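Morning, everyone. Let me put the structure up, and then I will walk through it.

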Amino acid sequence: MKIESTQKTFLLAAEGVNKSFSGFKAINNLNFYLDTGELRTVIGPNGAGKTSFLDLITGRTKPDSGTIEFEGNVSIPKLNEYEIYRLGIGRKFQTPTVYTDHTVWENLLLSLEGSRGVWASLFHQPNSTERDRMDEILATINLVSQRHWKAGALAHGQKQWLEIGMLLAQNAKLLLVDEPAAGMTDTETHKTGELLLSLAGKHTIVVIEHDMVFVRQIAAGRKVTVLHQGSVLCEGSVDEVQNDERVLDVYLGRKKRSN
Amino acid sequence: MQRHVSKVELVTASVIALFLVVVFPGLHAAGAVSDFTIKLWGKYLCYGLLAISVDLLWGYTGLLSLGQALFFSLGGYMLGMNLMLMIGEDGQYFKSGNNPSLLPDFMVILGRTELPSFWKPFYNFPFAVAMVVLVPGLLAFLFGFLGFRSRIKGVYFSILTQALTYVAAVFFQNALIMGSNNGFTDFKRILGCDIRASATQRGLYIATALALVLVYAFCRWLTTTKFGLVQRAVRDSETRALFSGYAAANYKLFVFVVASIIGSIGGALYLPQAGILNPTEMMPEKSLEAVVWCAVGGRGTLIGPIIGAIGTNALKSWATRAFPDLWLIILGGLFILIVLFLPKGIFGLLGQARDFFAKRKPEAASATAEPAKP
């Protein structure tokens, strides 16, 4: 792993990362490498550190030790939330986090890639390219007829989709998607999976998920990472990790074998 | 964007603006409105500016500033320095021969014989006006820069602004060279015109009404830009705004400076119409009053605070004469009633009524809800 990491530039490379919250080790010597264009699924039991890991990547919390590098040369822990965002790292939160008092259209407008400065915001009017882009996203996330609704009036699943749409508007290099299918119907979940698959390749995506049917849908032929107690337990294809003894141990709560 | 200016609003606002700026002073010139009334309304409109300043922060950005009266007073002090110097030969001590160098009277009492150097540029009216904008703007910038960069928010921001205005009040109370407890009063002339003359008061009223209309138009524009969207995004979910790439601190700083300058302009216009200014105007309760005006009128709108400021002060003018002992109880009761039953204030009643009727006719509502975007 170490040799490989020095030879090749990863989009995201986390090495020896530690983070504790008042004594509880949420992230424990974590090593994680992500190639450009990957769609990586991260699974793990509750409390495995999945969301804490996203918090570290997006600047919500800072690691106690270790390095997190983006594109081989940018040190993430030195930056704050909006600087990290401006590198091209977008995040969808576990519970849908949209601007509830803004319309769907305004939510997208706020997320659209472009300057984030105060002066620019005073005189920014969306041009026709940007309007077309937002129309396109509305069609993709199936909210065309709700564009003037307040986002707070949307159903739970629609809010999830709007937040994914906001990531699309941002046109981020790296999309961090925390439990996109939570609270969705089976049909919605499947559609979400198709949406993520259609984005794979164009963007690098990390998806955190619990729902194994959904994981099988999006991770077919791709790498899955299993987190446990704040570090990587194993990595491999869906079948490999599902049949891994250690994974079965932590998920089924079986006693650790001594070897 | 969502809150485009509709034709109805444009027409209504223009009619009200025309009335305030042209018709009302016209009636005064014709003798139909008394000097007392025009002066009173001039003051109400100044309070309207202060209320907008509070609302731009509280209603639109979620920053409950309890120190806006500080900026209002600072604006007054800056213009007041010019008016004090303009008293000149009309001062009591000059008339009795004890003030050959034409100092403001309070300086003579202090035993000064020469004007402090920082007072000297204030002989120039444009300089004083520039200071009305620059001094509060700079103070707001410094305070905001330090506060917002340290991510001070919510109730901590409120407490700090309250502390700031309190400290400033104590400072001015002890600043002998700024008139200490007595402050500034007994103005005689503004721009060479007799300040008590009917025409001068009318001119001051027109300047105030014009300032209010311009500030309203500016804020209306500001809140419909993308800046306005970010402003409300910061208000509703600051964390999310950070994760949308917006440096929330910069947006807050900008609003804080703009709002403080608006408040300061209100205070500068208030001074010659009220005829007196002293440090009690900076005490925290003055800022709290402005917060009540906002809540009463309807925060998060621009018309609401103006209605609240005029309405509450008109009520105050009447109640302090009719029930002098009960005024504070009336104000408190009003505030409680509004918070309990009209969370969006008086102006919010319109919206509540519209929602009520919209619920009864769901189809009509969806047809009129929003115009289609091109």
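Start with A:E81. This residue counts as buried, at 9% relative accessibility. Keep in mind that we are looking at a predicted model. A:E81 has a salt-bridge partner, and that partner is B:R151. The closest N and O atoms of the two are 2.9 Å apart. Look at the chain letters: this pair crosses between chains. On one side, A:E81 sits in helix 3 of chain A, residues 81-88. On the other, B:R151 sits in the loop between helix 6 (125-149) and helix 7 (154-174) of chain B. B:R151 is partly exposed, with a relative accessible area of 37%.

Next, a salt bridge inside chain A. A:D101 pairs with A:K150, and their closest N and O atoms are 3.2 Å apart. Where do A:D101 and A:K150 lie? A:D101 is in the loop between strand 6 (89-92) and helix 4 (104-111) of chain A. A:K150 is in the loop between helix 6 (128-140) and helix 7 (156-170) of chain A. The pair therefore ties together parts that are 49 residues apart in sequence. Both ends are partly exposed: A:D101 at 23% relative accessibility, A:K150 at 34%.

Now a network. Salt bridges with shared partners join A:E38, A:R40, A:K223 and A:E235. Take one link from it. The side chains of A:E38 and A:R40 meet at 2.8 Å, N to O. Buried or exposed, what is A:R40? It counts as buried, at 0% relative accessibility. A:E38 is buried too, at 15%. Over all chains, the count of salt bridges comes to 24.

On to the sheet in chain A. The sheet is open, has 4 strands, and runs in the order 2-1-4-5 with antiparallel pairing. Which strands are at the edges? Strand 2 and strand 5 (74-75) of chain A, since each pairs on one side only. Helix 2 of chain A, residues 50-58, packs on this sheet. That helix touches strand 1, strand 2 and strand 4 of chain A. Its direction makes about 65° with that of strand 2 of chain A.

Stay with strand 1 of chain A, residues 12-21. Of its 10 residues, 8 are buried, so the strand is largely enclosed by the rest of the structure. Strand 1 has 7 bridges to strand 2 (residues 24-34) of chain A, and the two run antiparallel. One of the pairs there is A:A13 with A:Y33. The hairpin of strand 1 and strand 2 of chain A has 2 residues between the strands. In that hairpin, A:S22 takes a positive phi near 35°. Strand 1 also has 5 bridges to strand 4 (residues 65-70) of chain A, again antiparallel. In that pairing A:A14 faces A:I68 across the strands, and A:E15 stands opposite A:T67.

Which phi does B:L102 have, although it is not a glycine? A positive one, about 55°. B:L102 is in the loop between helix 4 (92-95) and helix 5 (105-109) of chain B. That leucine is partly exposed, at 27% relative accessible area. B:S180 is not a glycine either, and its phi is positive at about 35°. B:S180 lies in the loop between helix 7 and strand 1 (184-185) of chain B. This serine is buried, with 15% relative accessible area.

One more loop residue: B:I195. Its place is between strand 3 (193-194) and helix 8 (198-224) of chain B. At 5% relative accessibility, B:I195 counts as buried. What is B:I195 in contact with, leaving aside neighbours within four places in sequence? Its contacts include B:L83, B:F187, B:I190, B:T200 and B:P272. The C-alpha atoms of B:I195 and B:Q273 are separated by 8.4 Å, and the two residues are 78 apart along the chain.

Last stop, the surface of chain B. B:L18, B:F19, B:V22, B:V23 and B:L27 form a nonpolar patch there. Together they have about 410 Å² of accessible area. B:F19 lies in helix 1 of chain B, residues 7-29. That phenylalanine is partly exposed, at 39% relative accessible area.

That is the tour. Over to you.

Terms used:
Residues are numbered from 1 along each chain as its sequence is written. Chains are lettered from A and ligands numbered from 1 in the order in which they are written. This is a predicted model: local features need pLDDT of at least 70, side-chain atom pairs count only at pLDDT 80 or more; totals for chains, interfaces and linings use all residues. Side-chain values use heavy atoms; hydrogens and water are left out. Patches are made of residues with over 30% relative accessible area and no salt bridge: like charges are joined within 9 Å, nonpolar side chains (Val, Leu, Ile, Met, Phe, Trp, Tyr) within 5 Å. Accessible areas come from the Shrake-Rupley method with a 1.4 Å probe; for residues, only the protein chains shown count as cover. A salt bridge is a side-chain nitrogen of Lys or Arg within 4 Å of a carboxyl oxygen of Asp or Glu. Buried means under 20% relative accessible area, exposed over 50%, partly exposed in between (1.4 Å probe, protein chains only). Two strands pair if DSSP finds at least two bridges between them. Contact means heavy atoms within 4.5 Å. Axes are lines fitted to C-alpha atoms, for helices over the stretch in contact, and angles run from 0 to 180 degrees between N-to-C directions.
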